[in-house]
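Take a look at the structure below, and keep it open as you read.

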Amino acid sequence: MAQPTQAVLLDALGTLLTFEPPAPHLRTELAARFDVHVSEQVATAAIKAEIAYYRAHLHEGRDAASLADLRRRCAAAMEPVLGFDPGVEALLAALRFRAYPDAAPALRALRADGRRLVVVSNWDASLHERLEETGLAPLVDGAIASAELGHAKPDGAIFAHALGLAGAPAGAALHAGDSPDADVEGALAAGLRAVLVASDGGARTPAGVPVVSSLAELPALCRLP
């Protein structure tokens, strides 16, 4: 028989957190800081270049010093599109994260049921800052970013580390995330149960894995035997 759920691990971006479209904010920042006015198309292309660079190098932002260097390089990645390097401050001002509306209520309900909660994310070391600024940090028992550990989902090492933070064995833990590969397949391979969070309903459904459209469904799922 399955063990009762003692811990719930949760992905961050796309599960707990999202961000506002950054291109309009970038346009505003460029106009205010440099009196440079670019089209929506150009701003979008610049953000795409930055995101592509970040995704390829996020593992390098493992601490404060390396994160600062990574951010400088991410801002510079926009230069071929914009014609100049807008700098870190303009970049960060354009990236505005927020928690999904269902995130905090779900975390409170899970915690009220006695679950240990740990965020497991392929992110740089700023994950903790993002959880703080969006109000979710006080609602979880820990968080681990892949850049800090040197292992990214679906690698089992990051799930093992998160289980250590939660103080629970894999058989008594559930992981929820929006990636069928990194979250679901990674969790299953590490011996955890998995839940796919598919708020848009467009993700493929792994066989035998519950799919939820809202985190509000998680507490009830965790109560099932």
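Find Thr 134 in the loop between helix 7 and strand 5; helices (H or I, at least four residues) and strands (E, at least two) are DSSP runs, numbered from the N terminus. This is a predicted model, where local features need pLDDT of at least 70 and side-chain atom pairs count only at pLDDT 80 or more, while totals for chains, interfaces and linings use all residues. Residues are numbered from 1 along each chain as its sequence is written, and side-chain values use heavy atoms, with hydrogens and water left out.

Is Thr 134 buried or exposed? It counts as buried, at 16% relative accessibility. Buried means under 20% relative accessible area, exposed means over 50%, and partly exposed is in between (1.4 Å probe, protein chains only). The side chain of Thr 134 reaches the backbone oxygen of Leu 131 at 3.3 Å. That's a polar contact, meaning a pair of N or O atoms within 3.5 Å; within protein, one must be able to donate a hydrogen and the other to accept it, and residues adjacent in sequence count only if both atoms are side-chain atoms. Setting aside residues up to four places away in sequence, Thr 134 touches Leu 17, Phe 97, Arg 98 and Ala 99, where contact means heavy atoms within 4.5 Å.

Phe 97 takes us to the aromatic rings. A search of the whole structure turns up 3 aromatic pairs. Rings of Phe, Tyr and Trp (its six-membered ring) pair if their centres lie within 6.5 Å; planes under 30 degrees apart count as stacked, over 60 as edge-to-face and the rest as tilted. One of these pairs is Phe 19 with Phe 97, edge-to-face at 5.7 Å centre to centre and with 70° between the planes. Phe 19 sits in strand 2 (residues 17-19) and Phe 97 in strand 3 (residues 97-99), so this pair ties together parts that are 78 residues apart in sequence. Phe 19 counts as partly exposed, at 31% relative accessibility, and Phe 97 is also partly exposed, at 22%.

Phe 97 has another ring partner as well: its centre and that of Trp 123 are 5.5 Å apart with the planes at 50°, so the pair is tilted. Trp 123 belongs to the loop between strand 4 and helix 7 (127-133), so here the tie is between parts 26 residues apart in sequence. At 6% relative accessibility, Trp 123 counts as buried. Put together, Phe 19, Phe 97 and Trp 123 make one aromatic cluster.

Strands count as paired if DSSP finds at least two bridges between them. Strand 1 pairs in the parallel sense with strand 4 over 4 bridges, and it also pairs that way with strand 6 over 4 bridges. Ala 7 stands opposite Arg 116 in strand 4, while Leu 9 stands opposite His 175 in strand 6. In a regular strand the side chains alternate between the two faces of the sheet. In strand 1, Ala 7 and Leu 9 point one way, Val 8 and Leu 10 the other, and all are buried.

Strand 4 also holds Ser 121, which is buried with a relative accessible area of 2%. Beyond its neighbours within four places in sequence, Ser 121 is in contact with several residues, including Asp 11, Ile 144 and Ile 158.

What are the buried residues of helix 9 (residues 156-166)? They are Ile 158, Phe 159, Ala 162, Leu 163 and Ala 166. Down the helix axis they fall within an arc of 140°, so they line one face of helix 9; the arc is that of the directions from the helix axis to the C-beta atoms. Their cover includes strand 1 (7-10), strand 4 (116-121) and helix 10 (180-189). At the start of helix 9, a side-chain oxygen of Asp 155 comes to within 2.8 Å of the backbone nitrogen of Ala 157. Just after helix 9, Gly 167 takes a positive phi of about 70°.
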